[in-house]
Amino acid sequence: MAAATRVVGILGGMGPAAGADFVRLFVQACAQQMRARGEPVRDQSFPEHWLAQVPVPDRTGALVSDVSGAHQPLEPMLQALGRLAALGSRAVAIACNTAHAWHANLQERFPQVELLHIARETAQSLAAQGATEVALMATEGTYRVRLYEQALAEAGLGCHVPLADERQTIMRGIFDGVKAGNMPLAGQCFSEVALRLAERHGSVTIIMGCTEVPLGLQGSAAMAGLSLVDPAQVLAAALARRAYGA
C-alpha cells in the first residue's frame, strides 16, 4: 500500500522557466522516493503539489539598490505563499536562489508552513558527501547577502567566488541569456566562468547557485569532467522527502 503524502507547494515565477523546471525536478525526486520505498511509480502515488507562478520584481535589483523601499519583491511572495498555505501546503520550496534573501520574513509570517532553505539544504548535502570547499556561481544579489557563504560556513565548507568581471558575465548569461530566451549566449557565459573557476581552484564542486545556470548549461560539452551541483535538484529532493513524511 502506498504511503500517505502531505500537500506541498512551490513558489515560482522567478522566472517562469525556472519554476516550471523545478516541478520537473520535484516529480523526478518523488519517483525516486517511491522506488526507495519499494513502491511502484504510479500517477496516484504522487503527492498533491501546487505551483504558484507569480510575477515578482527583480530580486537582485532590490538587493543592490540604495533606494528606499527596495524590498518590493517581498509583498508578491507573501501573497503567493499565503495562497499556497491556504491550499494546505505543509512545506514550500522557493524556486529562486536570490529570493531566499527574504526567507526569514516569509517564514515569520507563515510559521505553519515549513519554508525550505535552498542554501542550507545544499550545504548540508555537500557536507554529508565529504566536501570541504566549493566554488559558487550566483547572482550579484545572492553574493551581496552572502546567502551561500553563510550556510556553507555553518556546515564547515569553504567557498570560492568569481572575480568581479566574471560575476558580470554570469549576470549577462542570466538576463540576456536564459531570461531572454537566448540559450547559446547563456551557455557561453556560464561555461566561461565555470572553466575559469575550475582553472583557479582545481577540482572543487561548483554550485550552480541560480536556477537559470543549470538551464543554460544543459548539454554543454565544455562542462564534461567538472563537478557541478544543482541546488534546485537538492531542494526538490528535500521537498519530496517532506511530501512523503520524512
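My entries below go from the domains to the spaces.

**Ground rules.** I'm working with a predicted model, where local features need pLDDT of at least 70, side-chain atom pairs count only at pLDDT 80 or more, and totals for chains, interfaces and linings use all residues. Residues are numbered from 1 along each chain as its sequence is written, and side-chain values use heavy atoms, with hydrogens and water left out.

**Domains.** I looked up the domain assignment, which gives domain 1 (8-117 + 233-244) and domain 2 (119-230); such bounds come from an automatic or database assignment. Their centres, taken over C-alpha atoms, are 20 Å apart. I found 27 residues of domain 1 in contact with 24 residues of domain 2 (contact means heavy atoms within 4.5 Å).

**Buried area.** About 1,900 Å² is buried between the two domains, with 54% from carbon and sulfur atoms. On the domain 1 side, N97, H117 and V234 lose the most area, together 37% of what that side buries. Buried area is the accessible area (1.4 Å probe) that two parts lose on being put together, summed over both.

**Salt bridges.** I noted two between the domains. A salt bridge is a side-chain nitrogen of Lys or Arg within 4 Å of a carboxyl oxygen of Asp or Glu. E121 and R241 form a salt bridge, their closest N and O atoms 3.8 Å apart.

**The largest pocket.** On a 1 Å grid over the protein atoms alone, a pocket is an open set of points with protein on both sides within 12 Å along at least five of seven lines, while a cavity is a set where a 1.4 Å probe fits but cannot get out; lining residues have an atom within 4 Å of a point. A volume is the space filled by probe spheres set on the points, which are joined across faces, edges and corners. The largest pocket holds about 190 Å³. Its lining includes H100, H117, R120 and E154. Where does the largest pocket lie? Both domains give residues to its lining, so it lies between them.

**Cavities.** I counted two of 30 Å³ or more. The largest cavity has about 100 Å³ of space and 16 lining residues, with R59, C96, T98, T139 and C210 nearest its centre. The second largest cavity has about 40 Å³, and residues lining it include A18, F22 and D230. Both domains line the largest cavity, so it lies between them. The second largest cavity also lies between the domains, because both give residues to its lining.
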